[in-house]
Every structure is written in structure tokens, then in C-alpha cells.
Amino acid sequence: PSCFGYPLSIFFIVINEFCERFSYYGMRAVLVLYFKYFLQWDDNLSTAIYHTFVALCYLTPILGALIADSWLGKFKTIVSLSIVYTIGQAIMSVSSINDLTDHNRDGSPDNVSVHIALSMIGLILIALGTGGIKPCVSAFGGDQFEDDQEKQRTRFFSIFYLSINAGSLLSTIITPILRAQECGIHSKQRCYPLAFGVPAALMAVALVVFIIGSRMYKKVQPQGNIMIQVSKCIGFAIKNRFRHRSTEFPKREHWLDWASEKYDKRLIAQTKMVLKVLFLYIPLPMFWALFDQQGSRWTLQATTMDGNFVAIQIQPDQMQTVNPILIVIMVPIVDTVVYPLIKKCKINFTPLRKITVGMFLASLAFVAAALVQVQIDKTLPVFPAAGQSQIKIINLGTDNATVSSEPPLLNVNIASMQSTGYMTFETSQLNITITSRNETGTKDFLFTAGNRHTLIFKNNGTGIVPLLLFDNVTSKPEEGNNLIRFINNLPDAINVTMGDTSFGTLTTLSASNYRLFPGGRKDNITVTGNSRPCSVISKSFGFGSAYTIIINKCSGDTLEVAYSEDIPPNTVHMAWQIPQYFILTCAEVVFSVTGLEFSYSQAPSNMKAVLQAGWLLTVAVGNIIVLIVAGASKLSEQWAEYVLFAALLLAVCIIFAVMAYFYTYIDPNEIEAQLDEEEKKQVKEEKDQEVYEKQAEADSQM
């Protein structure tokens with residue numbers, strides 16, 4: 001059955017691919033944040049495991065292709081590995097259910113290792129599934145066409161690529177929104193089970209859709225795998241060359257010619273072409289090393305930025321959508337506008353030059369990322385080092401005051417209801433004297449090293465009442481959340497509530513602990529005590545800030561509060577990431593699309609599988625490079641790591657340019673035609689020989 005001139009089975013395959021890519025990219029979009037916030041891993045471990053997973057996903061396709069071509073056939077391989085994949089996604093979803101081990105119901109898992117074990121099993125199954133299917137689905141789609149449907153087949157591949165990008169685009173928008181929801185049975189937290197559950201459900205849909213089309217597919221029998229033949233041919237050539245290493249044997253034109261004893265001329269010629277292309281692949285992994293950090297380092301960079309786009313609140317993991325959006329826009333523009341313009345300017349923009357430009361652009365994108373990182377670093381607060389302590393002083397009284405210390409490290413004037421910033425001291429003990437109007441108070445204070453403290457005091461007419469608070473904050477709040485605490489400056493004890501969160505009862509001149517609130521909101525602050533309740537709407541705290549709110553007065557039903565900023569909010573806007581995403585997407589368009597086209601144009605048609613495997617291998621190796629560089633460099637500054645990657649890629653880009661300069665383009669069809677010609681000639685010669693021999697025999701019998 002056909003529809004618009006396409007085999008009907010194609011539509012099942014395209015829908016299947018859409019769901020599968022949605023499932024994969026959706027899961028991958030929230031993965032690094034799941035590691036960081038749910039499994040509580042630090043940035044470096046999260047990045048390392050993320051790239052290990054991506055590398056696995058690109059190593060398994062080789063396995064998938066071998067199973068399909070030598071054993072099960074494409075259809076059965078896709079079905080069986082999709083089942084493995086769906087199970088993996090489901091396990092991943094279960095591993096992120098907080099209530100699984102949260103027996104004391106405090107909102108964080110009691111036994112993290114259960115969650116880690118489950119998610120690692122899930123990820124391994126997913127890597128097996130997604131990788132194993134990858135080489136089969138597109139080839140299986142290609143199999144559905146007859147030989148005379150070349151035009152439809154080419155169009156199918158572009159629709160196929162579009163469905164990949166549509167799936168990844170939608171999932172990178174949707175799964176972060178799901179993750180940002182609050183859910184849970186006993187305590188509310190980020191909804192990872194939903195963010196992993198929806199991709200799992202879609203994978204199940206993909207599987208069902210694919211099986212429904214089963215009757216209509218053209219199923220080609222497994223033909224044996226060309227990769228195995230090529231590897232055997234290379235192996236034999238090396239072995240044979242090694243056996244004949246002494247000088248008495250004549251040299252051969254190319255080392256692969258040493259396989260000619262066992263393998264036919266055609267396979268050797270085809271293998272030479274493939275190796276020529278694979279040799280050019282050697283520098284390419286460095287590009288992927290940078291490209292795949294969008295999902296790890298760049299997403300973590302976004303968590304320290306301000307995601308407030310006028311009316312919409314952007315999640316850090318949603319910034320990755322910039323890439324698929326730009327791809328959908330850029331591919332047609334580059335093809336219809338940019339390349340023709342370059343052609344008009346009489347520039348010969350060969351595929352290898354395009355790839356070189358792609359590498360150069362990717363290294364530029366990382367320079368842009370480093371510049372943004374430098375801006376972010378300027379806004380980050382400085383926390384005390386191991387032997388230091390920090391102190392901030394708030395004057396809660398109605399009079400100005402002077403605060404001094406012994407040893408004389410401290411001498412500040414603080415107006416009424418004002419506070420100082422954090423001051424850093426190399427000591428753990430200070431004798432502090434506070435003078436306000438005509439009262440003076442002196443007291444010894446002990447500080448915990450490596451921590452922040454707040455000293456609050458008030459001249460209440462009968463003397464000065466000081467109180468030292470231990471802040472217990474050692475880093476900026478993650479994920480754009482805000483930390484809020486209250487100080488009661490009323491004469492009576494009160495109950496404080498902000499939004500849905502109760503801070504409990506605060507006695508006079510005491511402070512609550514910090515509580516976490518989602519960023520970008522304004523909440524209602526309500527105070528109840530002996531008098532009737534009074535409330536006020538808080539100011540907006542931005543993202544990633546910490547504030548102390550001082551409750552000063554309750555007149556009528558209106559509350560008067562003062563704000564003291566402990567940690568400034570994220571001020572660098574997420575929109576500043578767009579330039580680096582734009583440059584990297586341009587790089588991808590000229591690099592990735594050209595790379596595959598070039599490979600296919602330089603090798604015989606039956607060798608496409610080998611090249612596809614080589615290409616995916618470059619992605620896997622690229623992700624392993626991230627592990628090695630990030631692990632070995634030990635750079636404490638993130639911007640320096642970005643610059644390091646940019647410099648490495650630039651160096652590789654120069655090497656590649658030199659390799660490309662010495663590359664001579666070939667036309668595989670011509671070489672194939674030559675081989676055909678030679679074969680024909682050989683057959684003809686053999687026939688002539690036979691005829692001649694018969695003739696000679698006849699002559700001798702006469």
C-alpha cells in the first residue's frame with residue numbers, strides 16, 4: 001500500500017523515530033540536573049557520568065548494526081532492543097521517586113545508593129537500546145523503497161532528519177517544565193519521575209506504533225555484515241605484510257594489496273576508499289567534545305543565571321532548546337542562501353573546508369561561553385576560606401550606632417535599621433563593643449571557622465541586646481532558588497508564614513533558619529501573634545539570592561518589613577547564552593550535515609554502514625575526551641576550562657586543515673566502473689583462452 005507515492009509503512013517508521021528521539025532527548029535534557037540535585041553529586045561527577053552515558057550511546061550502534069546484519073535482521077533487532085530501551089526508561093523513572101526510600105519524609109532520599117544503582121542500570125539499558133536501534137531504523141526506512149523511487153527515498157531521509165529534530169525540540173521544551181513541577185506523596189519536590197516517566201511512555205508508544213506496521217514492512221533478510229568483512233580484510237593484510245617483512249619480497253603499491261592472496265580486488269579497492277575517509281575522521285572527535293557539553297557544562301552554567309524572560313520563567317535545562325530551534329531555522333537558510341552566496345563570490349567551498357570552518361566556529365562558541373562565565377564569576381559571592389570567618393552586622397534599634405572590636409579589626413558606623421555587608425576576618429574570636437546614643441555594651445564572640453555569621457543588636461532603652469546568628473550557608477542557592485529567613489523585631493513572640501511555608505514561632509529579637517523558595521516569585525508574608533494578623537506582599541527576590549527579612553511593625557493589618565540582602569540574586573541573564581548557542585549551531589550545520597554527505601560521496605554505496613559506524617565512533621570518543629580533559633586539567637576556574645577546550649579544538653582544526661589540503665577527492669562510481677571494466681575484460685580473456693585451447697586441441701587431433 002502506498003500514500004502520496006510513498007510506501008505506507010514509512011509513516012509508522014517516521015512516527016516511531018519521532019517518539020524515540022523525544023524519549024531520548026527528553027531524558028537527556030534533565031539528566032545532568034537529576035545527578036546534581038537529586039543524587040546530590042557535584043558538578044564534576046555529574047558532568048563525568050553524563051558524558052560516559054553519551055559515549056556509551058554512541059558506541060552501542062556498532063553492536064546494533066552487527067546484530068541486525070549478521071543475526072536477527074533489522075526488524076527483530078529494532079523490536080527487541082526497543083523493549084530493552086522501554087524497560088530502561090521505566091527503571092530511570094522509578095529511580096527518581098523520592099518516596100521510594102524517604103522513610104522519614106524529609107523530602108530527600110534516605111538511601112541514595114538505591115537510587116544511584118537503579119538509575120545506572122536504567123542508563124545502561126537505555127544506552128543499549130537507543131544505540132542499538134540507531135543504525136537500524138534509518139536503514140530499515142531506506143529498505144522500504146523500490147529501486148526506482150530514488151527521489152522519494154532522498155526526501156524520506158530529510159523528513160526523517162526533521163522528525164529527529166522535532167522530537168528533540170519538543171522534548172527539550174516539555175521535560176524541563178515537567179521537572180519544574182512539584183510532586184511527591186509525602187513531601188513535595190522537583191518532579192523527576194514525571195520528567196523521566198513521559199519519555200518512558202513515549203518509548204512504549206514508539207514500540208507499539210512500530211509493531212502495528214509489521215505487516216506492511218518490506219523485511220530484507222540479514223546479508224552478513226560488511227564491517228566484519230572489512231575488518232577481516234585489513235587484519236589479513238597486516239598479518240600477511242608482517243610475514244613477508246624481509247627485503248627479499250618485492251614491495252607492493254599499498255599495504256592493503258597484501259590481502260590480494262585471499263580477498264578479491266573489488267573488496268580491497270573499496271576498503272582503501274573507506275580507510276582514506278576514516279583517516280580524516282581522526283581529528284573529528286574534538287568537535288563533539290565541545291558540542292556535547294551543551295547538555296552538561298552549559299546547562300550547569302545556566303543554573304547560575306537569571307532566567308526571567310519578561311512573563312516567562314525559563315528553566316536552566318530549557319536553554320538547550322535554542323539548539324534544535326536554530327537547527328530547524330538554519331539548515332534551510334544555509335542551504336538556500338549562504339552556500340549559493342559563497343558560490344557567487346567564486347569561492348570553492350569544498351566539504352572539507354566546511355568541516356574546518358565548523359570546527360573553528362565551535363571553538364569560537366567556547367570563547368563566548370568563557371566570556372559569559374567571567375561575567376557570572378564577578379557576581380558570585382565570596383565565602384570564607386577554611387581559616388576565615390565572616391560577619392555581617394544589623395542595627396535593629398532606632399538610633400545610629402558605632403561598632404568596634406579588640407583586636408582593632410572592626411570599626412563601623414551603622415545607621416538605624418541598616419546593615420553592613422559581610423566582612424572577612426582571619427580570627428575566630430573578637431571582643432566587640434557597641435555604642436548607641438548613651439548606652440555601651442561589650443561582649444566576647446566566638447566564630448566558627450569557614451562560616452558566615454550575622455550579629456544583630458538593639459538599644460532597647462535599658463541597654464544594648466546583642467545576638468550572634470550562625471548563618472549556615474556555604475554556597476549560593478542552587479537552581480535559581482532563594483533562601484529566606486526572618487528576624488522578629490517586635491516586642492512579642494509571633495508566628496511567621498510566607499506563602500505556604502511556616503517559619504514557626506519567633507520570640508522577640510530572634511531569627512528563624514533559612515528556608516528555600518522557588519525563584520522569581522512574590523509571596524504573601526503573614527504575621528500572627530497576640531494582636532490580629534497583619535500581612536504584606538514581599539518584594540521579588542530574583543533568582544539565587546538570600547535575604548534576611550526584619551519584621552518591624554504591625555499597624556492595623558499592614559506589616560512593615562525591612563530587607564537585608566545576604567547573597568545578591570543572579571544578575572547575568574540567560575539570554576547571554578544565546579550567542580554561544582547560535583555560534584555552536586552554525587558550527588553543527590556546516591560540520592555535521594557536511595560530514596555525513598562527504599563520507600557517503602567518497603565511498604562505495606555498500607560501505608555506508610562502515611562509515612556510519614566510524615562517524616558515530618567519533619561522537620563517542622569526543623565524549624570520552626571531555627572526561628579526560630576535565631579530569632586531568634584540574635582547573636578550578638570554569639572559564640579557564642572553556643578556554644582550554646577552545647584552544648584544543650583550534651589546534652586540532654589547524655591539523656585537520658593541513659590534512660584536508662593534501663586530500664584528493666575521488667569518485668567511487670568511477671573506480672567501481674573501472675573494476676567492472678577490468679572484470680569484464682578478465683572474463684572475456686578467460687573465454688578467449690578457452691576458445692583458443694579448444695581450437696588447439698581440435699587442431700592436434702586432426
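In which helix is the place of Tyr642? Tyr642 sits in helix α14, residues 638-661 (helices are DSSP runs of H or I, at least four residues, numbered from the N terminus). The model is predicted: local features need pLDDT of at least 70, side-chain atom pairs count only at pLDDT 80 or more, and totals for chains, interfaces and linings use all residues. Residues are numbered from 1 along each chain as its sequence is written, and side-chain values use heavy atoms, without hydrogens and water.

Tyr642 is buried, at a relative accessible area of 0% (buried means under 20%, with a 1.4 Å probe and protein chains only). Leaving out residues up to four places away in sequence, Tyr642 touches Arg297, Trp298, Gln301, Phe366, Ala369, Ala370 and Gln373. Contact here means heavy atoms within 4.5 Å. A polar atom of the Tyr642 side chain lies 3.4 Å from the backbone oxygen of Arg297.

The domain assignment, automatic or from a database, places domain 2 at 226-260 and domain 3 at 264-379 + 573-663. Their contact takes twelve residues from domain 2 and ten residues from domain 3. The C-alpha centres of these two domains are 36 Å apart.

About 960 Å² is buried between domain 2 and domain 3, with 86% given by carbon and sulfur atoms. Buried area is the accessible area (1.4 Å probe) that two parts lose on being put together, summed over both. Ile226, Val230 and Leu256 supply 47% of what domain 2 buries against domain 3. One salt bridge crosses this interface (a side-chain nitrogen of Lys or Arg within 4 Å of a carboxyl oxygen of Asp or Glu). Lys272 and Asp257 form a salt bridge at 2.9 Å, N to O.

How values were computed
Helices (H or I, at least four residues) and strands (E, at least two) are DSSP runs, numbered from the N terminus. Buried means under 20% relative accessible area, exposed over 50%, partly exposed in between (1.4 Å probe, protein chains only). A polar contact is a pair of N or O atoms within 3.5 Å; within protein, one must be able to donate a hydrogen and the other to accept it, and residues adjacent in sequence count only if both atoms are side-chain atoms.
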